[in-house]
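Dear colleague,

I am passing on the structure we spoke about, together with some notes on what turned up in it. Please keep the file open while you read.

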Amino acid sequence: MTKRHVSLPIEADAGLEEFIDHVDERLASDEDTCNVVQDVLIDLFGDREAYERWQDGGDVSPAERVRLQGYDPCNATLESEYYAEKDEERFTESKYLQWLWRQFDATPMADNVEFALRFRAMLADHLFAECGDGCRFFKGISFTYGHNISVGDNVVVHDDVHLDDRGRLTVGDRVSLSDGVHVYSHDHDVVDQTEVRNYHTIIEDDARITYDAMVSAGCRVGENAVVGARAVVQGDVPDHHIAVGMPAKSVRVKPGWGDRADPLETGGENRQEDRRIAYDLPDDLDVFDEFERDLDPST
């Protein structure tokens, strides 16, 4: 199935391009990223007058002050900020860019698809470890950090997808991730859930992960493979296989690819430990267990 080509009116398109190029240039410059993000969000939300009044010492209500402060990513926290093993230096920068991505999605302009796809693609060039050409990122996508994600060319990520890059996530060329897909790169110990293991999760070229499916940490979805709707991938999906179910199992080879695909019984092999990513925690880390449970089964 082909798609129709859709374009905006010439004046509208020129205005959007000017804005995106302006933000792109500022993010690529030596200007403080936190200041750029704050400035962009103030204008996108139409709060310039209120912000300048506040900065000049004018009266603002407590709610206004909280809202105006919230444009500055330094005044916000993200869940991944609490993760002990994160790279503090890389996270500081990616947090600011993540905040801009998330808050942009809360603006009315996020529903202008032609504009929003271009804006997010520009942000991905700054946020991800790598981002290829021709990528399309729809609304409601979330990340752990962003800086541990590598994406190839012509990738499509649809609405409400979660890309967990607490470990590392590699997505090949022409991959399609449908609405509601979750791709993970970390896991928890079954006894002590505060013990986290990070992995490298791989989705190869031309793979398609369909609606509401989940790819577990450390799995590989092979080239030209398909993961069915609401499947739970807990082992590798070989090239050209179609895998469905919970847990996902290879049920057939894509038509026309039989002479290039491994047998169906090779699907589902768990190679998670081969892709484990070791990390060290700081010696002076103040560790705490938020659950405060007794993990000794004998007591």
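How many nonpolar, polar and charged residues does the lining of the largest cavity have? Before the answer, please bear in mind that this is a predicted model, and that the values below are computed from it. The lining of the largest cavity has four nonpolar, four polar and two charged residues. Those residues are Val 233, Gly 235, Asp 236, Val 237, Ala 243, Ala 248, Lys 249, Ser 250, Gly 267 and Gly 268. The space in the largest cavity comes to about 40 Å³, and a search of the whole structure finds one cavity of 30 Å³ or more.

The open space is described separately. The largest pocket has a volume of about 880 Å³, and its lining is made up of 29 residues, among which Tyr 82, Tyr 83, Ala 84, Arg 166 and Glu 290 lie nearest the centre. The elements that contribute two or more residues to this lining are H5 and strand S10 (186-188). Sorted by class, the lining of the largest pocket has 12 nonpolar, eight polar and nine charged residues.

Helix H6 covers residues 113-127, and its 15 residues reach 20 Å from the first C-alpha to the last, which is close to the 21 Å expected at 1.5 Å a residue. Because 11 of those 15 residues are buried, H6 is largely enclosed by the rest of the structure; the buried residues include Phe 115, Phe 119, Met 122 and Leu 127, and also Arg 118 and Arg 120.

Gln 272 sits in the loop between strand S18 (249-253) and strand S19 (276-277). Gln 272 counts as buried because its relative accessibility is 16%, which is under the 20% cut-off. Leaving aside residues up to four places away in sequence, Gln 272 touches Asp 187, Tyr 199, Ala 217 and Gly 218.

As for the cysteines, the structure holds zero disulfides. Cys 135 is in no disulfide, and the nearest cysteine sulfur, that of Cys 131, is 4.1 Å away. Cys 135 counts as buried at 9% relative accessibility, and Cys 34 is also buried, with a relative accessible area of 4%.

With best wishes

Note on methods: Residues numbered from 1 in each chain as written. Predicted model: local features only at pLDDT ≥ 70, side-chain atom pairs only at ≥ 80, totals over all residues. Heavy atoms only, no water. Helix = DSSP H or I, 4+ residues; strand = E, 2+ residues; numbered from the N terminus. Buried < 20%, exposed > 50% of the residue type's maximum accessible area, 1.4 Å probe, protein only. Contact = heavy atoms within 4.5 Å. Expected span 1.5 Å × (residues − 1). 1 Å grid on protein atoms, 1.4 Å probe; cavity = no way out; pocket = protein on both sides within 12 Å on 5 of 7 lines; lining within 4 Å. Points joined across faces, edges and corners; volume = space filled by probe spheres on them. Nonpolar A, V, L, I, M, F, W, Y, C, P; charged D, E, K, R; others polar. Disulfide = S-S within 2.5 Å.
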